[in-house]
Amino acid sequence: MILLAGTSESGKSTAGIHLAQHGAQRIKIRTILLALTSGAEVRHEGVPTREGFDTDEFLSALHEHVRTGAADVAVVESFIDAELAHATKASWPGPAAIVFITAAEPVRVNRLAVAINIDHTAAHALIKAKDARKRVSEQLPRWRQIADHWIDNHHHLAHFTATLDDVYAATCPSITRTENS
């Protein structure tokens, strides 16, 4: 299992897509959260999610979701809470890695501005709001403690995907050996 976390607009979705191209089962964490009965449904950026849920219920739902999938590897994106990611990794019965992806703020602002066609001032405000809601600054020290891989995604896409390939190979060596044989 590969657990993706990181700052807003750092490349978590790109990572999930890339790893799915290797055959991983791509799971958006929101899918699991919305299936829970505990906690409260809330909306962030116009999208429903859930907060204040029971961690054991989350872990059980995630394990069941992965168990019913056909892939040997699951990639779960995008963890916001470091302790939930840590508990998820600790509960997983096989190899698991927490991957934290970040990029310098100007890079992230530019990515968002281009992606949704807004000016850099508006993009900067959105990034700040997202990072504040996700408590990014507050949790960075904990993410540094628990992350197995820390990716500073400020290079070109080819460099980023090569780094992800290395993470995949390190986390899933028996699968990558079979793929490359």
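Arg-135 is partly exposed, with a relative accessible area of 34%, where buried denotes under 20% relative accessible area, exposed over 50% and partly exposed the range in between (1.4 Å probe, protein chains only). The structure is a predicted model, in which local features need pLDDT of at least 70 and side-chain atom pairs count only at pLDDT 80 or more, whereas totals for chains, interfaces and linings use all residues. Residues are numbered from 1 along each chain as its sequence is written, and side-chain values use heavy atoms, with hydrogens and water left out.

Arg-135 is located in the loop between α6 and α7 (136-146); helices (H or I, at least four residues) and strands (E, at least two) are DSSP runs, numbered from the N terminus. Although Arg-135 is not a glycine, its phi is positive, at about 55 degrees. Most residues other than glycine have a negative phi, and most peptide bonds are trans. A positive phi of about 55 degrees is also found at Asn-117, likewise not a glycine. Asn-117 occupies the loop between α5 (105-116) and α6 (120-133) and counts as exposed, at 70% relative accessibility. A cis peptide bond joins Glu-77 to Ser-78, with omega near 5 degrees.

Ser-78 belongs to strand β5, and Glu-77 is placed in this strand, which spans residues 74-79. Glu-77 is buried, with a relative accessible area of 1%. Its side chain makes a polar contact with the side chain of Arg-26, at 2.8 Å. A polar contact is a pair of N or O atoms within 3.5 Å; within protein, one atom must be able to donate a hydrogen and the other to accept it, and residues adjacent in sequence count only if both atoms are side-chain atoms. Not counting residues up to four places away in sequence, Glu-77 touches Leu-4, Lys-12, Ser-13, Gly-16, Ile-17, Arg-26, Ile-27, Lys-28 and Ile-29, contact meaning heavy atoms within 4.5 Å.

Gln-25 lies in strand β2 (residues 25-28) and is buried, with a relative accessible area of 14%. The side chain of Gln-25 reaches the backbone oxygen of His-65 at 3.4 Å. With residues up to four places away in sequence left out, the contacts of Gln-25 include His-65, Val-66, Gly-69 and Ala-71, together with Val-73, Ala-74 and Val-75. Thr-163, in helix α8 (residues 157-171), is partly exposed, at a relative accessible area of 22%. A polar atom of the Thr-163 side chain lies 2.9 Å from the backbone oxygen of His-159. The C-alpha atoms of Thr-163 and His-22 are separated by 14 Å, the two residues being 141 residues apart along the chain.

Two packed helices are described by the angle between their axes and the distance between the axes. Axes are lines fitted to C-alpha atoms, for helices over the stretch in contact, and angles run from 0 to 180 degrees between N-to-C directions. The axes of helix α3 (residues 55-67) and helix α4 (residues 82-91) come within 11 Å and cross at roughly 50 degrees. Helices α3 and α4 are therefore oblique to each other; angles under 35 degrees count as roughly parallel, over 145 as roughly antiparallel, 65 to 115 as roughly perpendicular and the rest as oblique. The residues in contact are Thr-55, Phe-58, Leu-59, Leu-62 and His-63 of α3 and Leu-84, Ala-87, Thr-88 and Ser-91 of α4. By class, this contact of α3 with α4 has five nonpolar, four polar and no charged residues. Ala, Val, Leu, Ile, Met, Phe, Trp, Tyr, Cys and Pro count as nonpolar, Asp, Glu, Lys and Arg as charged, and the others, Gly among them, as polar.

Phe-58, in helix α3, is buried, with a relative accessible area of 0%. Beyond residues up to four places away in sequence, Phe-58 touches Ile-29, Ile-32, Leu-33, Leu-36, Phe-53, Phe-79, Leu-84 and Thr-88. Phe-58 and Ile-29 are 29 residues apart in sequence and 9.7 Å apart in space, C-alpha to C-alpha.

Helix α4 also packs against α7: their axes come within 9 Å and cross at roughly 20 degrees. This makes α4 roughly parallel to α7. In this contact, Ala-82, Glu-83, Ala-85 and His-86 in α4 meet Gln-139, Arg-142, Trp-143 and Ile-146 in α7. The residues divide into four nonpolar, two polar and two charged.
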